[in-house]
Amino acid sequence: MIVRPRRAAPVLVCRKCLERSNEGRDVRRALKSELKAKKRDGTKPAKLISTGCFGLCPKQAVVVASGASLARQEYVLVTDRDQIPRALALLNDERGG
């Protein structure tokens, strides 16, 4: 049996990076609002899931990943809320622009 979820794939964010970054609270809020804005008709917005450390530990940036980006062994680093739309596009492999 195959089941298709009504929700988009989750976005993973490092909890430790959110706490350490000066912009962590703004980045988290912006991620959640952008995920809600990008939802398709008839589906629920993707969940934002705080995870443990990814082991990258950048200074003043937040590590974000998705299932698709992890399969490609890629992570996205976000330093402020203005980078959120581009970061979500990279997570979903929309490399244009």
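**View 1. Asp26 and Arg29 sit three residues apart within helix H2, about one turn of the helix**. In this predicted model, the two residues form a salt bridge, with their closest N and O atoms 3.9 Å apart. Side chains of opposite charge can pair when their charged atoms come close. Asp26 has a relative accessible area of 27%, so this residue counts as partly exposed.

**View 2. Glu74 and Arg72 form a salt bridge**. Here the closest N and O atoms are 3.0 Å apart. How exposed are the two partners? Glu74 is partly exposed at 27% relative accessibility, and Arg72 is partly exposed at 26%. A search of the whole structure finds two salt bridges.

**View 3. Four strands make up an open sheet**. On average, neighbouring strands are turned by 35° against each other, direction ignored.

**View 4. Strands E1 and E3 pair in the antiparallel sense**. E1 covers residues 11–14 and E3 covers residues 62–66, and three bridges join them. Take a look at Leu12, which stands opposite Ala65 in E3.

**View 5. Helices H2 and H4 lie across strands of the sheet**. Helix H2 (residues 24–37) lies across E1, E2, E3 and E4 and runs at about 145° to E2. Helix H4 (residues 84–91) lies across E1, E3 and E4, running at about 170° to E4.

How values were computed
Residues numbered from 1 in each chain as written. Predicted model: local features only at pLDDT ≥ 70, side-chain atom pairs only at ≥ 80, totals over all residues. Heavy atoms only, no water. Pairing = 2+ DSSP bridges. Helix = DSSP H or I, 4+ residues; strand = E, 2+ residues; numbered from the N terminus. Axes fitted to C-alpha atoms, helices over the stretch in contact; angles between N-to-C directions. Contact = heavy atoms within 4.5 Å. Salt bridge = Lys/Arg side-chain N within 4 Å of Asp/Glu carboxyl O. Buried < 20%, exposed > 50% of the residue type's maximum accessible area, 1.4 Å probe, protein only.
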